[in-house]
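User: I am new to this structure and would be grateful for a close look at one part of it, the sheet and its surroundings.

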Amino acid sequence: MLSEGGIVLDKVKIAVIDNGVVEKVLRQPLEYRVYIDDTNCCVIDNEHMDLLGFIHGTICAMIIENNFSECMLSSVKILNDDGIGKVDKLKIALDWCYQNNIFLVNLSLGVTHFQDRTSIRDVICLLYTSDAADELDGV
């Protein structure tokens, strides 16, 4: 636990938004295992998250955990097993993080279409402002 001036603080919640995290290789369990399905709904996944072929999200989680043991990691899967996803799933994933009081997010992903850059920047900037969750419905 973190402490400041004798006060014990909660672990820092961090979401890894990627292609999922294989929990069994981490030192501590994930707080949440979520994926965004094909209908853009957030689904809690306690059964299939360890069945990943491409383990980029897992590697990111291991790096975070190795360098910052006072974290509580969550996995939000928006990419398929080939590392491909859609920008609209990122918006939903970020909104889910906001709704679940996760304000630190690992985004180790890129875009193949330059116009997606603006959409991603706009969503992140919107979440940076107050009352972001209410405003996301109109993006």
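User: In what order do the five strands form the open sheet, and what is the pairing?

Analyst: This is a predicted model, in which local features need pLDDT of at least 70, side-chain atom pairs count only at pLDDT 80 or more, and totals for chains, interfaces and linings use all residues. Residues are numbered from 1 along each chain as its sequence is written, and side-chain values use heavy atoms, with hydrogens and water left out.

The order of the open sheet is E5-E4-E6-E3-E7, and its pairing is mixed. Strands here are DSSP runs of E with at least two residues, helices are runs of H or I with at least four residues, and both are numbered from the N terminus. Two strands count as paired if DSSP finds at least two bridges between them. At the edges lie strand E5 (42-44) and strand E7 (104-107), each of which pairs on one side only. On average, neighbouring strands of this sheet are turned by 30 degrees against each other, direction ignored; the axes are lines fitted to C-alpha atoms, for helices over the stretch in contact, and angles run from 0 to 180 degrees between N-to-C directions.

Helix H1 (residues 56-67) lies across E3, strand E6 (71-77) and E7, and runs at about 155 degrees to E3. Ile 63 belongs to helix H1. Together with Ile 55 and Ile 59, Ile 63 makes a nonpolar surface patch of about 250 Å². Such patches consist of residues with over 30% relative accessible area and no salt bridge, with nonpolar side chains (Val, Leu, Ile, Met, Phe, Trp, Tyr) joined within 5 Å and like charges within 9 Å. A salt bridge is a side-chain nitrogen of Lys or Arg within 4 Å of a carboxyl oxygen of Asp or Glu. Accessible areas come from the Shrake-Rupley method with a 1.4 Å probe, and for residues only the protein chains shown count as cover.

The loop between helix H2 (87-99) and E7 contains Asn 100. Asn 100 counts as buried because its relative accessibility is 19%; buried means under 20% relative accessible area, exposed over 50%, and partly exposed in between (1.4 Å probe, protein chains only). Leaving aside residues up to four places away in sequence, Asn 100 touches Lys 13 and Tyr 32, where contact means heavy atoms within 4.5 Å.
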